[in-house]
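Please keep the sequence and the structure in view while working through the numbered points.

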Number of protein chains: 2
Amino acid sequence: MSFTVLCQDGGSRARGGELGTRHGTVATPVFLPVASKGTVKTLSSADVTELGFGMLLANTYHLYLQPGLAVIEKAGGLHRFMAWDGAILTDSGGYQVFSLASLRKVDEEGVTFRSHIDGSEHRLTPELAVAFQETLGSDIAMVLDECPPFDGRRDAIEAACERTLRWAERCLKAKKRADQDLFAIVQGAGFADLRRHSAEQLAALDFPGYAIGGLSLGEPKAATLAAIEATVPFLPAGRPRYLMGVGSPEDLVEGVARGIDIFDCALPTRVARNGSLFTATGRVNIRNAGFGQDMRPVEPGCDCPTCRSYSAAYLHHLFDARELLAYRLATVHNLFFVNRLMREMRQAIVAGDFAAFRKEFLGRYRTTDEPVRLAQKRKWLRKAASGPEDT
Amino acid sequence: MSFTVLCQDGGSRARGGELGTRHGTVATPVFLPVASKGTVKTLSSADVTELGFGMLLANTYHLYLQPGLAVIEKAGGLHRFMAWDGAILTDSGGYQVFSLASLRKVDEEGVTFRSHIDGSEHRLTPELAVAFQETLGSDIAMVLDECPPFDGRRDAIEAACERTLRWAERCLKAKKRADQDLFAIVQGAGFADLRRHSAEQLAALDFPGYAIGGLSLGEPKAATLAAIEATVPFLPAGRPRYLMGVGSPEDLVEGVARGIDIFDCALPTRVARNGSLFTATGRVNIRNAGFGQDMRPVEPGCDCPTCRSYSAAYLHHLFDARELLAYRLATVHNLFFVNRLMREMRQAIVAGDFAAFRKEFLGRYRTTDEPVRLAQKRKWLRKAASGPEDT
């Protein structure tokens with residue numbers, strides 16, 4: 001893997017770059033759609049390519065449980081199993097073990113958990129997390145980290161940071177594949193000094209890339225942004241920075257402004273399946289009665305495959321009739337929207353217009369009220385913990 | 001509309017032809033995928049085009065109830081509403097009124113029924129059936145017919161035939177659009193003399209095309225084929241013959257051999273969503289455990305988009321995980337299979353090889369046991385009547 005920063009915004013930490021992988025080069029900042037179980041929900045791999053994505057995220061936890069790693073190994077790896085020629089980043093499974101699995105027991109060696117599907121008992125250690133991801137054959141793998149709740153006590157957060165560091169060292173030692181890169185994960189919740197310390201200690205281990213973990217867990221948006229700001233300055237400038245699990249349009253803009261290169265999030269696809277579609281002025285819900293008679297595209301002027309062919313009224317009808325095509329057309333629109341947003345940000349950084357772009361976008365884009373957003377997020381986290389859809 | 005018989009098989013009634021519509025020319029014999037509510041379930045219109053189809057069927061009853069004809073009229077007709085540039089054949093709504101709606105009251109004027117969705121009361125007459133389909137703007141519309149149960153008493157079947165004739169005359173009179181063609185429907189259940197009489201009387205009215213109705217209602221396969229044989233010889237040779245609601249691979253071959261030009265059926269798409277996939281040797285169910293480790297395509301050698309990219313193991317995994325992509329990939333395979341079968345039959349007719357093709361296909365293709373098939377069909381008809389999915 002190679003990473004090159006090609007240009008740096010003058011008025012913010014935003015930067016444009018190129019991430020080279022054995023499955024192609026990806027322009028950054030970049031958003032990765034989430035293919036939890038080997039498919040971006042509702043989409044074929046060809047669809048994802050046609051939408052312009054060159055890299056996606058897959059969840060080791062989900063694939064380990066279903067269909068199981070032996071099947072994917074027999075297929076010749078995840079790229080071949082899911083017919084995806086682009087790059088793949090896999091997570092370690094840790095986040096899902098901490099958020100979805102039940103009867104979780106963490107010790108210094110690793111974590112024992114029960115499958116949320118059938119209750120069977122499994123073990124995950126730093127060494128196994130690396131081995132699992134090497135079997136999947138992703139281009140970028142993540143270390144196993146301990147991901148504590150954002151509102152945990154300081155001593156618990158500090159202990160999680162220390163353990164995450166020790167586990168990161170063990171992951172590095174366990175690594176065998178030369179054609180896969182391993183990224184570290186910074187923890188520290190909302191404690192700026194712990195974030196800095198975690199970043200500096202991991203930076204000393206010289207990982208090819210660094211993620212910011214432990215965010216997007218139901219904390220206020222201001223706290224998310226503060227944690228990013230407390231971390232980024234202490235990561236090596238020449239290495240890619242990956243903000244895990246963040247991906248609403250406004251968060252992507254704020255993350256890029258703070259120096260993030262890579263994002264992944266299931267939000268654009270999850271809300272799409274509920275009929276919530278991104279537009280330049282904010283989210284709209286296509287199920288609202290008003291759309292039933294609206295013969296314009298859901299976002300007039302949008303060049304996505306959905307808006308190019310179909311009216312808001314048609315989409316409204318498909319949702320109303322629970323036609324399976326509804327979920328795909330909505331997913332296509334939201335992913336196209338996010339990918340276009342990333343491209344526009346890259347172009348603005350290159351052109352030296354990022355500050356103006358950011359101001360204009362955030363001025364236009366009506367975000368969900370903070371109390372409503374937090375209530376939705378916490379509701380979803382609870383629902384995910386009791387029977388997940390995607391994460 | 002124009003219809004030309006281009007070649008006639010020497011050893012059977014099979015024939016190859018061309019059906020010209022205002023939305024393109026379609027080679028016959030042809031199979032129409034079913035877009036009940038304005039989408040072939042799981043597929044976009046672009047997908048249907050890419051699979052090679054130039055014509056599809058939509059259900060007036062479903063579209064009348066949801067989203068309602070006013071919405072489709074506002075969109076500029078069904079072609080524009082569903083972004084489909086090919087030809088459309090609409091049914092009259094009669095079949096669904098007779099099979100799905102509740103509290104049905106038939107009189108000479110028409111039929112009063114309650115919506116299966118919300119219980120609201122509606123009226124369908126021959127004149128309204130024509131007006132509804134003219135609003136939809138289909139290329140080919142169907143007359144309103146009375147569709148009695150296959151096992152009805154002779155006097156009831158005879159009365160239904162007579163009423164179907166009177167309603168066909170009223171439909172002809174009610175017709176206003178010059179750019180839409182109206183097909184008649186032959187009834188008569190399993191009574192050969194009633195089929196002949198119905199065919200001859202309707203033929204005298206000089207319709208541009210003729211359908212065989214009242215079949216595929218749970219009767220034995222031999223009875224279906226006998227009813228076709230009792231009808232076809234009495235239909236005008238120069239007009240297209242349409243067998244409604246028939247579409248298993250073996251039935252398509254037997255129908256073509258008996259002189260049918262047009263078929264429609266939801267079976268290939270419906271069984272696909274249950275994991276049942278067509279192969280040269282018969283149906284297989286991808287959910288069977290054996291496929292979980294099978295890295296070959298579900299039908300080795302198949303050139304469909306699903307088999308070109310994905311293994312049986314991947315499809316098995318998607319069904320196991322209830323991923324929405326599963327239903328689309330299976331639908332794509334089955335429709336590709338059926339479309340290829342129709343093309344191969346056309347080529348065989350042209351080449352003078354149809355008898356050999358038919359013998360070889362039916363020798364290879366293991367059909368579902370008749371008792372099992374009838375039990376499945378009747379179960380599905382009951383399910384459809386209590387809360388339909390597609391028809």
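Predicted model: local features only at pLDDT ≥ 70, side-chain atom pairs only at ≥ 80, totals over all residues.

1. One residue pair to find on the screen is Ser102(A) with its bridge partner Arg114(A), which belongs to strand 8 of chain A.

2. Another open sheet of chain A has three strands in the order 1-2-3, again with antiparallel pairing. Its edge strands are strand 1 and strand 3 (24-28) of chain A, each of which pairs on one side only, and the twist from one strand to the next averages 15°.

3. Within this sheet, strand 1 (residues 2-8) of chain A and strand 2 of chain A run antiparallel and are joined by six bridges; the two form a hairpin with six residues between them. Here Thr4(A) stands opposite Glu18(A) of strand 2 of chain A. On the other pairing, strand 2 of chain A meets strand 3 of chain A over five bridges, also in the antiparallel sense, and Leu19(A) has Val26(A) in strand 3 of chain A as its bridge partner. Helix 14 of chain A lies across strand 1, strand 2 and strand 3 of chain A, and runs at about 120° to strand 2 of chain A.

4. Chain A is divided into domain 1 (2-265) and domain 2 (272-372), whose centres, taken over C-alpha atoms, are separated by 26 Å. In the contact between them, 29 residues of domain 1 of chain A meet 25 residues of domain 2 of chain A. On the domain 1 side, strand 2 (15-21), strand 4 (30-32) and helix 10 (249-257) of chain A each supply at least two residues, and the largest share, six residues, comes from helix 10 of chain A. By class, this side of domain 1 has 16 nonpolar, seven polar and six charged residues.

5. Which helix of chain A gives the largest share of the side that touches chain B? In the contact of the two chains, 32 residues of chain A meet 32 residues of chain B. Helix 3 (69-75), helix 13 (312-320) and helix 14 (324-351) of chain A each supply at least two residues to the chain A side, and helix 13 of chain A gives the largest share, five residues.

6. In chain B, the axes of helix 10 (residues 249-257) and helix 14 (residues 324-351) come within 11 Å and cross at roughly 25°, which means that helix 10 of chain B is roughly parallel to helix 14 of chain B. The crossing of these two helices of chain B is right-handed.

How values were computed. Residues numbered from 1 in each chain as written. Chains lettered and ligands numbered in written order. Pairing = 2+ DSSP bridges. Helix = DSSP H or I, 4+ residues; strand = E, 2+ residues; numbered from the N terminus. Contact = placed C-beta atoms within 7 Å. Domains from an automatic or database assignment. Nonpolar A, V, L, I, M, F, W, Y, C, P; charged D, E, K, R; others polar. Axes fitted to C-alpha atoms, helices over the stretch in contact; angles between N-to-C directions. Parallel < 35°, antiparallel > 145°, perpendicular 65-115°, else oblique. Left-handed = near helix turned anticlockwise from the far one by under 90°.
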